[in-house]
Amino acid sequence: MKSIYLDYAATTPVDPQVVKKMQPYFSDYFGNPSEIHKWGLKASEGIKNARTQISKALNCNPSEITFTSCATESINLAHKGLIEAVRNQDKKIIPHIITTQIEHKAVLETCKHLEKLNWAKVTYLPVDEFGLISINDLGKAITKDTVLVSIMFVNNEVGSIQPIAEIGKLLKTKYPKIFFHADATQALPYFDCDVNKLNIDLLSFTGHKIYAPKGIGALFIKSGTPIIRQQDGGSQENNLRAGTESVPLIVGLGQATELIIKNRAKESSRLKTLQKNLISKLTEIPGIKLTGHPEKRAPHIASFIVKDVEGESMMLLLSDLGIAVSTGSACNSQVLSSSHVLDAMGIAAEDSHGSLRLSLGKDTTKEDIEYTIKSIKKVVTTLRKMSPDLTGIEF
Ligand code: PLP
């Protein structure tokens with residue numbers, strides 16, 4: 001049977017070159033990087049090198065990179081750490097955060113937590129039918145107490161790209177005291193994340209979406225940004241994240257970041273071509289509609305609403321045919337409630353239950369896409385006939 005993985009937005013396999021680079025740090029260079037003997041020094045050299053690789057990708061100083069365990073942790077540290085630091089400066093003010101209704105739960109739940117503690121007030125900006133915020137709405141939401149604007153670069157469910165450069169420019173020129181956090185988890189492999197050019201103060205990402213292992217992430221913190229660490233203990237990571245560093249994972253993240261940047265332009269344009277074909281062929285099928293913006297979208301995410309079909313049923317039948325896709329966000333796929341992203345885009349709940357996300361990656365080929373298109377056509381026809389029996393289908 002075919003085996004076609006089209007769920008790269010959920011997670012990616014680890015690149016063999018990344019595994020190779022990590023390998024010696026498990027048993028040969030296993031020292032604690034806080035120690036100054038040669039074992040420790042070898043380990044801290046690996047961390048230093050990874051920090052440099054990442055700082056080159058983001059065009060920042062290596063000291064501005066903090067290693068964490070994932071994007072969720074980076075996001076928590078950025079939001080809670082900044083708000084705590086700001087509150088320490090003046091307890092009378094309740095800091096104001098502006099974010100969007102379509103952020104990943106890592107941002108939404110962190111903001112809700114801060115609201116519950118009464119440590120922050122939060123504005124959740126609406127999006128249009130394509131999942132895009134308006135700069136005008138952002139400008140109108142800013143108050144004298146706004147300290148943080150947190151906007152995702154690429155949405156993980158529909159792939160829409162927010163106007164990050166415009167937001168950065170607006171804040172830098174008109175509101176220089178407001179800090180700008182960008183969740184770049186889905187963006188780093190395909191878009192320039194130069195924090196200087198984009199005027200970003202805080203940027204989060206995770207290893208397992210860029211062909212590094214799970215369990216490692218990073219946060220860029222622009223020098224001078226006030227942050228109180230959220231995990232207390234030793235003085236690792238410039239006193240911002242206590243706990244002995246996972247040297248092999250950090251080395252892997254550094255290597256994966258370097259590789260992704262090296263191949264970014266070529267890989268983006270290759271995936272764009274595959275994505276175009278996928279979108280044009282699937283939207284020819286009656287009752288299948290693209291979600292997200294037709295042009296302002298990341299090259300790896302193709303997302304759809306399939307009328308009169310349950311997303312879960314499509315996912316399972318496609319899995320039986322050897323194809324991995326997802327319905328909405330992977331984090332949501334265990335839950336039957338409709339997607340908060342599609343809700344915010346004004347898509348009716350009965351339609352969003354038929355959501356389908358195909359996300360492409362480095363092993364996706366033209367043949368995979370052709371086979372997937374044929375399979376989706378057959379699966380949708382079968383489900384619409386209310387017959388879950390696929391035994392008669394041949395390819
Ligand atoms: N932000 C976005 C846009 C994501 O897609 C994800 C994962 O799906 C996350 C944050 C959280 O990443 P992690 O699970 O590595 O913490």
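Reader: Happy to start! Which residues have the most contacts inside the largest nonpolar core?

Author: A word first: this is a predicted model, where local features need pLDDT of at least 70, side-chain atom pairs count only at pLDDT 80 or more, and totals for chains, interfaces and linings use all residues. Residues are numbered from 1 along each chain as its sequence is written, and side-chain values use heavy atoms, with hydrogens and water left out. A nonpolar core is a set of buried (under 20% relative accessible area, 1.4 Å probe, protein chains only) Ala, Val, Leu, Ile, Met, Phe, Trp, Tyr and Cys residues joined through side-chain atoms within 4.5 Å. The largest has 96 residues, and those with the most contacts inside it are Leu-58 and Phe-67.

Reader: Which helix gives the most to this core, and where does the core lie relative to the domains?

Author: With 13 residues, the top contributor is helix 9 (residues 247-282); helices here are DSSP runs of H or I, at least four residues, numbered from the N terminus. Domain bounds come from an automatic or database assignment. Since domain 1 (4-10 + 265-386) and domain 2 (16-260) both give residues to the core, it lies between them.

Reader: How are helix 4 and helix 5 oriented to each other?

Author: Axes are lines fitted to C-alpha atoms, for helices over the stretch in contact, and angles run from 0 to 180 degrees between N-to-C directions. The axes of helix 4 (residues 71-89) and helix 5 (residues 105-116) come within 9 Å and cross at roughly 30 degrees. Angles under 35 degrees count as roughly parallel, over 145 as roughly antiparallel, 65 to 115 as roughly perpendicular and the rest as oblique. Helix 4 and helix 5 are therefore roughly parallel.

Reader: And what is the orientation of helix 10 and helix 13?

Author: Residues in this contact (heavy atoms within 4.5 Å) include Leu-317 of helix 10 and Val-379 of helix 13. Helix 10 (residues 311-320) and helix 13 (residues 366-384) pack at about 130 degrees, with axes 10 Å apart. The two are therefore oblique.

Reader: Is Lys-281 buried or partly exposed?

Author: Lys-281 sits in helix 9 and, leaving aside neighbours within four places in sequence, is in contact with Glu-370 and Ile-373. Its C-alpha is 9.5 Å from that of Lys-374, 93 residues away in sequence. Partly exposed covers the range between buried and exposed, the latter being over 50%. At 26% relative accessibility, Lys-281 counts as partly exposed.
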